[in-house]
Amino acid sequence: MFEDLSVSKVKGVGKKTEEALQNLGVYSVGDMLSYFPRDYVELPEPGFSPEKEGKLVSLMLRVDAMPVTRRGRRMDVTVTTGRSEGQTFELIWFRMPYVRSLVKAGETYVFYGRLVQKPSGYALEQPKIFQLRDYEERRKRLIPVYAASSEIKSTKIEKLVRTILSDPAFALMDNLPAELQKRQGLISRLLAIEGIHQAKSREALIEARKRLVFEEFFFFLLTMESVKEKQDKEKNRFPAFRDDFVEGLIKKLPFSLTDAQTNALSEMKQDIAGPHLMHRLLQGDVGSGKTILAFLLMAEMAHNGLQSALMAPTEVLASQHYETFQRLEEELSLDFPVILLTGRMTAAEKREGRKRIAEEKGAMVIGTHALFQDAVEFHSLSLVITDEQHRFGVRQREALSEKGERPHILVMSATPIPRTLAIILYGDLDISVIHELPKNRLPIKNAVVGPEWREKAYEFIEKEVAKGRQAMVICPLIEESEALSAENVTDYSALLKERFGKQIRVDCLHGRMDGALKTKKMEEFASGKTKVLVSTTVIEVGINVPNATVMMVENAERFGLAALHQLRGRVGRGAEQSYCIFVNTGDEEKNRRLEILKSSNDGFYIASEDLKLRGPGDFLGVRQSGDLGFVLADIYQDAELLKNASEEAKRILAADPELSSPENECIRQALDRKRDSFLENLNL
Ligand code: ADP
Ligand code: MG
């Protein structure tokens, strides 16, 4: 099928472009078509008005003179002026001396950039330059903005997608039966792919997205169905909780469990003491205290001479859990073996770890997914807990059952999902919820501020660092984007380095760094070496730095509130007062949304309020649940589609479990192609 062809077969893709695309995860033509824009820009009608100050505007201007470049201390600045109806505007470009060759004095262009007021009058910063005719053409559609890199620009990606879509050899097959499409009111796959890349209007975009989101859910659910264990209830071969051992431990804890923790624990206890294996989801907001429950369950297994394993999504989190467990053992005077196994340990260390896992029967094992590689043989694995496992633990369960292990399963997640949706997504899992934070917690102080407060925020961070604390700054982008005006980690960390000077160590972190480097940087922050960490949302999962007291989020309006709430959960974990600064670079309306964060610390409530405030279709650039591993789909705003997809999946499987009928042929083919990559993704 053409979708499997290498992307190098596309006209215009040479060696360099191919490599650049591969770095973005695009290998095949199909990957390219599934590399959806992350945002869209609607170009405004050219025109000036003072209210647009601070916003992106278009002005049709006659250029007065050839731009000149001044060498600044930090960067080149290229300037000229342009005129429209008697009014003069300054045009300013940073680090773009080459614009001198793009405009001619006396000619008229459309300039699209940010309108700012200077003492000398209005100016446009970093404006893009368009020929008049070209601008009018572009205004007829939404301009896609792809997550690009310094090696390949968004416009190049746009062009390549266009080349593929206009090539008659690339005939896109549908993967949903026509009947189903009709029933669900979905457009065809071809129209949807075209629509998402080359949207003519917002309405068209919504239709395209609807189809693709449905498809994403539908195939996800079918994949889940295909890995689900066939037997309903399996016999529990690991009876535990036959004495009051855990009660004894709880009494010795330095704090008392919250009611919600106690309830969740008793539900899990009933499972583990019962006739069948536990299959449970433990959902609890960040900081609600899930780790201690995991520890208590694992200690109970160890008390019964049985092994258990705790899986973390990152090396850093696994190491942190390892330390926490050792500390808890000390506090509670226990000496069950605690074994760490992660991917980056040396071969010798791993060998040693595996040997201990094979021999020490009451061990509590902590690790990353290295734990489930073939070479690991457990002595008596009775319980597997996956932490922060937003991806449902499916892959782990499959790996386990392939090895013939059938332990109790607990999946822990901090992502707030309404129960009705959790039932669909997690299928066969029972659900416990910790709906309450420990009472001793100092509530995080929140501020929603405009960009003019940045300097104050930096001063505040300096003060906190002087007190020995640390800060995190979150930016939406990795590096500068030609089309999106949002802060990026690369420039922002450079700016803060300059702002804070040598005294304060500033570092940066983002998802495109390789695993070892990410781990190193997270560790340097966790250990206190780095004082200010500028990061994308990769920091969302897997870092726990109680000493971090400030979280500053740039362009906060671009994030879903649930995502912001998750980010906020990264501070306020220690004894000190913590602060969250949300910088709103959007309008007042956006402020109203962000204010919800101030009024509540309840992740469930926040996600639902956010949805109420934003209308349907206001999905661009704002996602609630990026951590669930879906590309486009968002379980909050697409809840209805999730339900529909679930119904369709059930209906089709009930009538044709093997998907062998001719009309389901297209589903089966697509499922075969998608299944592996889906499972790979789940394993991330
Ligand atoms: P999460 O649910 O996000 O994984 P953690 O388990 O990391 O949260 O708990 C956050 C912090 O709260 C830890 O330092 C933990 O020791 C502490 N903690 C857990 N339960 C309680 C409680 N009942 N009272 C006070 N502190 C608690
Ligand atoms: Mg946790």
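Author: Domain bounds here come from an automatic or database domain assignment. On that basis the chain has domain 1 (43-141), domain 2 (232-434) and domain 3 (445-600). This is a predicted model, in which local features need pLDDT of at least 70 and side-chain atom pairs count only at pLDDT 80 or more, while totals for chains, interfaces and linings use all residues. Residues are numbered from 1 along each chain as its sequence is written, chains are lettered from A and ligands numbered from 1 in the order in which they are written, and side-chain values use heavy atoms, with hydrogens and water left out.

Reader: Which residues is A20 in contact with, leaving aside its neighbours within four places in sequence?

Author: Contact means heavy atoms within 4.5 Å. With those neighbours left aside, A20 is in contact with E151 and I152. From A20 to E151 there are 131 residues in sequence, but 5.6 Å in space from C-alpha to C-alpha.

Reader: What are E85 and R95 called, buried, partly exposed or exposed?

Author: E85 has a relative accessible area of 83%, so E85 is exposed. R95 has 46% and is therefore partly exposed. E85 sits in the loop between β4 (76-84) and β5 (87-94), with a positive phi near 45° in a residue other than glycine. R95 is placed in the loop between β5 and β6 (108-118); its phi is also positive, about 55°, although R95 is not a glycine.

Reader: What makes β3 and β4 a pair?

Author: Two strands pair if DSSP finds at least two bridges between them. Strand β3 (residues 68-71) and β4 are joined over four bridges, so by that definition they pair, and the sense is antiparallel. V68 has V79 in β4 as its bridge partner. The two strands form a hairpin with four residues between them.

Reader: Why are β16 and β18 said to stand at the edges of their sheet?

Author: The open sheet has six strands, in the order β16-β21-β20-β17-β19-β18, with parallel pairing. β16 (445-449) and β18 (506-509) each have a single partner strand, so one side of each is left without a neighbour in the sheet. Neighbouring strands are turned by 15° against each other on average, direction ignored. Angles run from 0 to 180 degrees between N-to-C directions, and axes are lines fitted to C-alpha atoms, for helices over the stretch in contact.

Reader: Which strand is joined to β16, and which helices lie on these strands?

Author: β16 runs parallel to β21 (residues 579-583), with five bridges between them, and K445 stands opposite Y579 in β21. Helix α18 (residues 561-568) lies across β16, β17 (470-474), β20 (548-553) and β21, at about 145° to β21. Helix α19 (residues 588-599) packs on the sheet, touching β16 and β21, and its direction makes about 170° with that of β16.

Reader: How many salt bridges are counted between domain 1 and domain 3?

Author: A salt bridge is a side-chain nitrogen of Lys or Arg within 4 Å of a carboxyl oxygen of Asp or Glu. The count between domain 1 and domain 3 is zero.

Definitions and conventions:
Buried means under 20% relative accessible area, exposed over 50%, partly exposed in between (1.4 Å probe, protein chains only).
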